[in-house]
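The following exercises are to be worked with the sequence and the structure in view. Each task is followed by a solution in steps.

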Amino acid sequence: MKQPWRFLACVVVFVVLAWYVGAMFDFLPFFADDLTVRAVGFATLILSIVIAGCTILILKKGE
């Protein structure tokens, strides 16, 4: 993988974009009144970053 930071940034952007599209259908993870929904939204972002980071490390090991 030649540009790992670009891949990681794209993952974050696409997760936030998915949240925006979800907001159009009345799902707002960070702006919700329910703390459980906020926690799930934040966990989604953290897990996406971790999965992308692990993918970068695995692909670098293979090169």
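The expected span of a helix is 1.5 Å times one less than its number of residues. The model used here is predicted.

**Exercise 1.** Determine whether the span of helix α2 agrees or disagrees with its number of residues.

*Solution.* Helix α2 covers residues 35–62, which is 28 residues.

**Exercise 2.** Identify the buried residues of α2, and classify Ser 48 by its relative accessible area.

*Solution.* Buried means under 20% relative accessible area. A polar atom of the Ser 48 side chain lies 2.8 Å from the backbone oxygen of Thr 44.

**Exercise 3.** Locate Phe 14, state its exposure, and name the surface patch to which Phe 14 belongs.

*Solution.* Phe 14 lies in helix α1, residues 4–24. Its relative accessible area is 55%, so Phe 14 is exposed. Together with Leu 17, Tyr 20, Val 21 and Met 24, Phe 14 forms a nonpolar patch on the surface. The accessible area of these residues together is about 550 Å².

**Exercise 4.** How many disulfides does a search of the whole structure find?

*Solution.* The search finds zero disulfides. Cys 10 is partly exposed, with a relative accessible area of 34%. Cys 54 is partly exposed, at 39%.

Conventions
Residues numbered from 1 in each chain as written. Predicted model: local features only at pLDDT ≥ 70, side-chain atom pairs only at ≥ 80, totals over all residues. Heavy atoms only, no water. Patch = residues over 30% accessible without salt bridge, like charges linked within 9 Å, V, L, I, M, F, W, Y side chains within 5 Å. Areas by Shrake-Rupley, 256 points an atom, 1.4 Å probe, with all protein chains shown as cover. Salt bridge = Lys/Arg side-chain N within 4 Å of Asp/Glu carboxyl O. Helix = DSSP H or I, 4+ residues; strand = E, 2+ residues; numbered from the N terminus. Buried < 20%, exposed > 50% of the residue type's maximum accessible area, 1.4 Å probe, protein only. Disulfide = S-S within 2.5 Å. Polar contact = N/O pair within 3.5 Å; in protein donor to acceptor, adjacent residues only side chain to side chain.
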